[in-house]
Structures are given as structure tokens and as C-alpha cells.
Amino acid sequence: MKKLILILFVISCFSCEKEANWKLNNAPLNKIVIEALLTNEQRAQTIKISQTVQSLNDSAQMVSGALVQLIEGSNTIDLKEQVKKPGFYDTDSNFCAKPNVVYRLLVKYKDKSYTASAVMATGFTNKTFQYSYNAEMKLYKADWAIADYQPLNPTMWEVYLDWTYLYGLSDTTIDSCNAKLNYFSLPNIDVSQVFAPENEKVYFPKGTIIWIRQYALSSEYAEYIRALLLETKWRGGFLDSQPANVPSNFSNGALGFFSVCSVTNSLQYAGY
């Protein structure tokens, strides 16, 4: 009797399948996406403006011809669009964000205006880049996690690894001798973060140049990054969170985020 019940259960599982054609709404979204991160470094700084796309594999539709202005106190700075890269707008090379100043970003495109405000975040997590030696491979490996808990000073790290100078390289091999890694210390701990999919392991030889850029994050920008990670790097693990919209500090329905961060840079060599 038990065997009969099992057979009927298996048959019912396969017999309930039915092909269905879903009608998807392919109407263009036409939302503006503004990616704007300014720092306290004296250099030309870039703001990227694009439009939303229908598929993950679609190329970004860049927004050309927008009016982009940065208001710093009583001073208004006009950003210029790059000639060879439409949708990328630069300050001049002397710009340097200052602490305790409210910055306001204004973007005008067609008949709409989008604004956001930010103040420079300061304060860093006291942490060094961690890596270990793999005796079997005779190479080093990064040991940092995707993110860790830091309630007081949320921080983002960009870690650039470069060992191109160690070998005689051709144009076909140079890309395999460098890597960029991103790490975050955020004021939240999420289940999706703890059980996130494993990152690709990056191995590098002794003498690799390790250039570390450390960004201090405001609590609002840290929340934006957390929401972005929940929808991207932390998705696909054992316990995913419910999908939700990523927050934005822009007005009029624009996506993206405007932030101002203080940055510190450090340099080290693997194995020394």
C-alpha cells in the first residue's frame, strides 16, 4: 500500500506541469540613474548619468546633454560632459570636497530637475588588509569577508592588486595579473549577508602591489550600499531577503545616490 501511495505521488508531481506564456510589460521605464560620489581628493571628479534598462544584460543608456551643477555654499560649479564618454560629467582638476559643507547636486535633463544634498562623512574603521599564504599554491589569498559589522564608522574599501611588473607581460596576459576587490564595514548585520554566496578567490604572488582606498560613509550612504548588496552580492545564498527598492536621496524619482566621502590611501607589498 505504501508503495502504491508513493507511485501515485510521483505521478501527480509530473502530471501537474503546464506550460504558460507570460505577457511581460516591455514599456520603457525611462528613469534617470545618477551615480555621484565626491571625495576630499584634489582632482577632477566624475558624475555618471544613465537611464534604466529592461534587462540585466542590456548596455546602459547614457544621458547626454544634461545640465549638471554642484552648489558649494554660495559657489556654483558647472560640470562639463566628457567629449569621448557621453553621460560622464567632470568637475575641474582643482576640485576638492571640504568637511562641514552642505553640497547640493542639481541635474536638469529635458523638462525635469533632480536634486540631492550631502555632507562629507569622516571617521574610519581601524582595520588592515588581511591575506594569508597558501603553501601548496605558493601564492597569497585575500582573507577579508564580504562585509563586517561596524556600528560607529561605516567604511568602504577598494583594494587594487597589481603584479604585472613581476612578469614579462603581453597584451593578452596583463588582465590576469591585476584585480579589484571591494569590502564594507556596515552598521547592520543581515541573514543574507551571513549566508551570502562565496566570493571568487583571488590568488596573487609575493611582491604584489596592494593599493587600498578607504572611504568613510555616512549612515544614509551605508544604508544605500546595504540595500544594493541585498539585491546583488548577497542574493543567491541560503536565506535571501525579500526583494525591495534600493533607496535614493534624489528628488523627482531619480535613482542612484549622491554622497561625499573623506578618503585615505595606503600602499603595501604582499609578503613584506
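The paragraphs below walk through a predicted model of one protein, from its overall make-up to a few of its local features. Residues are numbered from 1 along each chain as its sequence is written, and side-chain values rest on heavy atoms, with hydrogens and water left out. As the model is a prediction, local features need pLDDT of at least 70 and side-chain atom pairs count only at pLDDT 80 or more, while totals for chains, interfaces and linings use all residues.

The protein contains three helices and 18 strands; here helices (H or I, at least four residues) and strands (E, at least two) are DSSP runs numbered from the N terminus. Of its 272 residues, 36% are buried, where buried stands for under 20% relative accessible area, exposed for over 50%, and partly exposed for values in between (1.4 Å probe, protein chains only).

Five of its six residues are buried, so β4 is largely enclosed by the rest of the structure. Two strands are taken to pair if DSSP finds at least two bridges between them. Strand β8 (residues 102-109) runs antiparallel to β4 and is joined to it by six bridges, with Y103 of β8 as the bridge partner of E72. Strand β5 (residues 75-78) also pairs with β4 in the antiparallel sense, over four bridges, and here Q69 has D78 as its bridge partner. Two residues lie between β4 and β5 in a hairpin, and G73 in the turn has a positive phi of about 65 degrees.

Another sheet is open and has three strands, in the order β10-β11-β15 with antiparallel pairing. Its edge strands, β10 (131-134) and β15 (203-204), each pair on one side only. Two bridges connect β15 with strand β11 (residues 139-142) in the antiparallel sense, and K141 stands opposite Y203 of β15.

Charged side chains make further links. Side chains of opposite charge can pair when their charged atoms come close. The structure holds eight salt bridges, each defined as a side-chain nitrogen of Lys or Arg within 4 Å of a carboxyl oxygen of Asp or Glu. One of them brings together K98 and E72, at 3.2 Å from N to O. This pair links distant parts of the chain, since K98 sits in the loop between β7 (88-90) and β8 while E72 belongs to strand β4, 26 residues apart. K98 is partly exposed because its relative accessible area is 41%, whereas E72, at 14%, counts as buried.

E158 takes part in two salt bridges, with K180 and with R213. In the bridge with K180, the closest N and O atoms are 3.9 Å apart. E158 lies in strand β13 (residues 155-162) and K180 in strand β14 (residues 178-186), so the pair ties together parts that are 22 residues apart in sequence. K180 has 46% relative accessibility and therefore counts as partly exposed. In the bridge with R213, the closest N and O atoms are 3.6 Å apart. R213 is in strand β16 (residues 209-216), so its pairing with E158 of β13 ties together parts that are 55 residues apart in sequence. E158 and R213 are both buried. A network of salt bridges links E41, R43, E158, K180 and R213.

Y269 is located in strand β18 (residues 263-269) and is partly exposed, at 37% relative accessibility. Along with Y165, L166, Y167, W211, L267 and Y272, Y269 makes a nonpolar surface patch of about 800 Å². Such patches are made of residues with over 30% relative accessible area and no salt bridge, like charges being joined within 9 Å and nonpolar side chains (Val, Leu, Ile, Met, Phe, Trp, Tyr) within 5 Å. A270, in the segment after β18, is buried because its relative accessibility is 0%. Leaving aside neighbours within four places in sequence, A270 is in contact with Y131, Y140, F204, P205, K206, G207, T208 and I210.

Note on methods:
Accessible areas come from the Shrake-Rupley method with a 1.4 Å probe; for residues, only the protein chains shown count as cover. Contact means heavy atoms within 4.5 Å.
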